[in-house]
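Keep the viewer open as you read.

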Amino acid sequence: MTTLAGIKKVTELDVENKRVFVRVDFNVPLDGGKITDDARIVEALPTIKHVLDRGGRLVLASHLGRPKPGKTEGLSLEPCGARLAELLGVEVHLPDDCVGDSAKKVVFDLRAGQVCLLENLRFHPEEEKDDETFAAQLAELCDVYVDDAFGCVHRAHASVHALPKLVADKACGFLLEKEIDALGKLVTAPDKPFVAILGGAKVSDKIAVIESLLERVDALVIGGAMANTFLAAKHLDVKASKVEGDKLALARTILEKADAKKVAILLPVDVVVAQSIEAKEGRAVDVGAIPDGHMALDIGPKSLELFAARIAGAKSVFWNGPMGLFEREPFSAGTFGVAKALAGASAFTVVGGGDSAAAVKQAGGEIAKKINHISTGGGASLELIEGKKLPGIEVLRA
Ligand code: ADP
Ligand code: MG
C-alpha cells in the first residue's frame with residue numbers, strides 16, 4: 001500500500017518538551033569539507049521549525065557518505081550543523097558521536113526549542129545492518145520519532161527501521177508526507193490518461209519500473225539511451241549508439257506486453273546524433289537514417305513534439321530518466337524540452353530520479369516550480385512508484 005493510511009503526521013504528534021528524534025537526510029555533496037549544495041538541509045527546515053516552534057527538544061540524525069570501517073575523516077556532519085545553525089539562527093549542539101555518553105550528555109541537557117545534530121550514523125556499521133542493539137541505544141535519545149529522510153526509506157537501516165519499531169509515538173515529517181502522497185497517488189489512483197516518460201542510461205536499471213508501470217499507464221514514452229535498445233529491438237540500425245545487446249529480447253517482450261495491454265509505446269522518431277560524446281554539435285536525423293559511425297545522444301525535435309503532445313493530453317504524468325546526454329549542451333534540448341512540457345501541462349506532474357531532478361532544476365526559469373512534485377529520493381522514488389512496500393514507510397504505520 002503506497003498511501004499515508006495509518007501513518008501519523010508530525011503535526012499530530014505532541015512534541016512539547018519531548019525529545020523529538022528526527023531522522024533527516026543531510027547526505028549533502030561536499031568538496032574539501034565545504035557543502036556545495038545545501039538543498040537537503042533547506043528542504044528539512046519545515047519539519048525542524050515545526051518541532052522547535054512547538055517547544056520540542058530536537059535531536060537530528062543523518063548519515064553522510066559511505067564511511068569505511070574505522071575511517072571517519074571528511075565525513076563528519078559538523079559542516080551540516082554549521083549550515084543549519086546559520087539557516088535557523090540558533091546554536092546547533094554537536095556531540096561527537098550518535099550514541100553513547102557524549103550523545104546522551106548533549107541530548108539530556110537540551111531544553112525546549114534547542115537543537116542537536118548527532119554525528120554521522122554510518123560511523124557505526126550497525127546502522128546499515130539494521131542492528132537492534134544499536135537501535136536501542138538511539139531509542140534512549142528519543143521520546144518520539146519522526147522520519148523525514150525519504151531518500152533512505154527503501155533501506156532497512158537501523159535509524160529508519162529498527163529504531164521506529166522501538167518507539168510507540170512516531171510520524172512522518174513534511175517532506176516524507178509529500179513524497180508518499182504524490183508518488184502514492186500515481187500508484188493507487190492516478191487520474192487518467194496517465195502517461196509515463198522513461199529515459200536515462202539503461203533499460204536494465206529500470207526493468208521493474210517499466211513492468212509495474214505497464215499495469216497502470218495509458219502510454220509509455222521512451223527516450224534517452226534506453227530508447228536505442230528498443231529501436232534496435234524493432235530491427236532499426238542505430239549504428240554506433242549505445243545499445244544493451246543482452247536486453248533486446250526483454251525489450252521485445254515489453255513491447256508485446258504493452259500491445260496486449262493496449263498501452264501505447266512512443267519511441268523517438270528522430271534523434272540528435274554525433275560521432276562522439278565530446279562533439280561540439282549534433283544534428284537531427286530520422287531514426288532510420290543514422291549515419292555510419294554516429295550515435296544517438298538526444299531525442300530530435302519531431303520526437304519532442306510528439307512526446308509534448310502526449311504530455312499535454314495527460315491528466316497524470318510521471319517522468320524518470322533524461323531524454324539524452326543533457327549534461328552536454330548540444331544534447332540537452334530534448335530533456336529540457338520535456339521538462340518544459342511538464343511545466344506547461346495541466347496534468348498532475350511528478351519527476352523522480354536523481355539525474356532527472358537535476359535536469360529539471362537546470363532547465364531554468366520557473367520550470368521546477370511548475371511541476372507538482374520533484375522527488376528527492378533516487379532509488380526510493382523508483383521503488384515506491386513500482387508499488388513496493390518500503391521498510392522505512394511500513395514501520396511508521398500504526
Ligand atoms: P535518473 O538518475 O534520473 O534515474 P539515469 O541515471 O537512469 O536517470 O540516467 C541518467 C543518465 O543517462 C545521464 O547521465 C544521461 O547523460 C544519460 N543518458 C541519457 N540518454 C543518453 C544517451 N542517448 N546517450 C548517452 N547517455 C545518455
Ligand atoms: Mg541516475
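In this predicted model, helix α8 (residues 224–233) and helix α9 (residues 248–260) have axes that come within 8 Å and cross at roughly 80°. The axes are lines fitted to C-alpha atoms, for helices over the stretch in contact, with angles running from 0 to 180 degrees between N-to-C directions. Helices (H or I, at least four residues) and strands (E, at least two) are DSSP runs, numbered from the N terminus. That makes α8 and α9 roughly perpendicular to each other, a label for angles of 65 to 115 degrees (under 35 is roughly parallel, over 145 roughly antiparallel, and the rest oblique).

On the α8 side the contact uses T229, F230, A232 and A233, and on the α9 side L248, A251, R252, I254 and L255; contact means heavy atoms within 4.5 Å. By class, that is 7 nonpolar, 1 polar and 1 charged residues. Here Ala, Val, Leu, Ile, Met, Phe, Trp, Tyr, Cys and Pro count as nonpolar, Asp, Glu, Lys and Arg as charged, and the others, Gly among them, as polar.

The loop between α8 and α9 holds H235. H235 has a phi near 70°, a positive value in a residue other than glycine. D130, also not a glycine, has a positive phi of about 55° and sits in the loop between β6 and α4 (132–139).

How buried or exposed are some of these residues? The table has the values; buried means under 20% relative accessible area, exposed over 50%, and partly exposed in between (1.4 Å probe, protein chains only).

| Residue | Relative accessible area | Class |
|---|---|---|
| S303 | 0% | buried |
| H50 | 9% | buried |
| H157 | 12% | buried |
| D130 | 16% | buried |
| H235 | 66% | exposed |

S303, in helix α10 (residues 301–312), is in contact with P268, V269 and D270. H50, in helix α1, touches V10, T11 and F174. H157 lies in the loop between β7 (144–147) and α5 (162–166), and its contacts are R122, E127, E128, D130 and A162. H157 and E126 are 31 residues apart in sequence but 8.4 Å apart in space, C-alpha to C-alpha.

Helix α2 (residues 78–88) has P79, C80, G81, L84 and L88 as its buried residues. The elements covering them include α1 (39–53), β4 (57–61) and β6 (115–117). Just after α2, G89 takes a positive phi of about 70°.

One more backbone detail: a cis peptide bond joins K192 and P193, with omega about -5°. P193 is in the loop between α6 (174–188) and β9 (194–198).

Zooming out, the protein has 14 helices and 17 strands. Its radius of gyration is 23 Å, close to the 21 Å that the globule rule gives for 398 residues, so it is as compact as a globular protein of that length. That radius is taken over C-alpha atoms, and the rule is 2.2 Å times the number of residues to the power 0.38. Of the 398 residues, 54% count as buried.

A note on conventions: residues are numbered from 1 along each chain as its sequence is written, and chains are lettered from A and ligands numbered from 1 in the order in which they are written. Local features need pLDDT of at least 70, side-chain atom pairs count only at pLDDT 80 or more, and totals for chains, interfaces and linings use all residues, while side-chain values use heavy atoms, with hydrogens and water left out.

Conventions
Lists of a residue's contacts leave out its neighbours within four places in sequence.
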